[in-house]
Amino acid sequence: MGLPPLLLDDLSRLLADEAGLSLRGGLALPLVDGLEAAARRAGEPARAFARRVLGRDRAALEALVDHVVVSETAFWRHPEQLAALGRLAAAAPGPLAIWSAGCATGEEPYSVAIALLEAGRAGRGDRILATDVSERALAAARAGAYGPRALRKLPLDLQERWFEGDAARRVKDAARALVAFARHNLVGREPDPGGPFDLVLCRNVLIWFEPRTAAAVARRLAAALAPGGALVVSPVELALGGPAGLVAVEADGATLLRRPGESFSPGAR
């Protein structure tokens with residue numbers, strides 16, 4: 001389907017205003033795919049659905065954001081970061097409060113739960129709050145069942161220990177019990193979902209935002225950290241740590257962004 005470029009430009013500007021999303025240039029394809037998927041779900045032609053979005057129909061706008069921002073993810077992305085978190089967590093004296101911001105369909109928070117359990121932290125009271133703007137993604141995350149593509153990066157021994165079932169493998173209860181899911185919009189006016197947190201993970205999320213919005217979200221995430229806590233972003237997002245008042249530290253082969261202070265203190269041990 002050929003959608004008019006001017007229509008896509010108008011949608012891009014609206015999504016930037018409403019959700020801080022940057023969907024121009026190389027990210028235009030997710031906009032087209034998301035629009036067509038949202039329109040199919042609504043039972044409407046894509047152009048008619050787009051007109052509803054541009055008319056600021058709230059249900060249509062939320063449905064479009066829902067279909068645009070849920071991109072492919074997988075377990076055990078950036079394994080060096082998870083390994084570093086596991087080693088740091090093993091030395092933490094008390095329960096850890098962790099926020100997985102922009103958790104999509106749950107692979108990241110469940111990966112963190114597995115890393116904590118592998119580090120011997122069962123029964124230590126750790127909690128992981130996983131949030132996303134997409135109710136559709138959160139429903140999949142709560143179900144906790146995944147196919148081979150989502151598991152392709154997870155070592156087989158970890159799959160055997162922490163998953164059950166065959167075709168759609170389900171996260172075992174011991175790992176699921178560490179994670180709670182909630183809807184939250186990182187660029188909205190709603191308050192942060194708790195805190196302070198010892199660790200905040202927001203990986204491959206900031207790259208979707210307009211530069212000014214990404215910087216504002218980074219500051220928001222930094223403010224949610226306890227003194228000495230750490231923000232974990234993807235390697236391409238590390239430059240946002242400086243303006244947010246965070247200090248880059250090396251921890252077992254991974255770079256974390258640490259809030260000054262003495263609490264959990266990743267990288268300080």
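Modeller: Partly exposed means a relative accessible area between the buried limit, under 20%, and the exposed limit, over 50%. The model discussed here is predicted.

Colleague: Is Arg-161 buried, partly exposed or exposed?

Modeller: The cut-offs are under 20% for buried and over 50% for exposed. Arg-161 has a relative accessible area of 39%, so the residue is partly exposed.

Colleague: Which residue does the side chain of Arg-161 meet in a salt bridge?

Modeller: A salt bridge needs a carboxyl oxygen of Asp or Glu within 4 Å of the Arg nitrogen. For Arg-161 the N to O distance is 2.9 Å, and the partner is Glu-118.

Colleague: How many residues apart in sequence are the parts that Glu-118 and Arg-161 tie together?

Modeller: Glu-118 lies in helix α6, residues 107-118. Arg-161 lies in helix α9, residues 156-162, so the pair ties together parts whose separation in sequence is 43 residues.

Colleague: Is Arg-121, which meets Asp-126 in a salt bridge, buried or exposed?

Modeller: The side chains of Asp-126 and Arg-121 meet at 2.6 Å, N to O. Asp-126 has 8% relative accessibility and counts as buried. The limit for that class is under 20%. Arg-121 has 2% relative accessibility, so this residue counts as buried.

Colleague: What is the N to O distance in the salt bridge of Asp-173 and Arg-170?

Modeller: Arg-170 counts as partly exposed, at 29% relative accessibility. Its side chain meets that of Asp-173 in a salt bridge, with an N to O distance of 3.2 Å.

Colleague: How many salt bridges does the structure hold?

Modeller: Glu-44, Arg-52 and Asp-57 are linked in a network of salt bridges. For the structure, the number of salt bridges is 11.

Notes:
Residues are numbered from 1 along each chain as its sequence is written. This is a predicted model: local features need pLDDT of at least 70, side-chain atom pairs count only at pLDDT 80 or more; totals for chains, interfaces and linings use all residues. Side-chain values use heavy atoms; hydrogens and water are left out. Helices (H or I, at least four residues) and strands (E, at least two) are DSSP runs, numbered from the N terminus. Buried means under 20% relative accessible area, exposed over 50%, partly exposed in between (1.4 Å probe, protein chains only).
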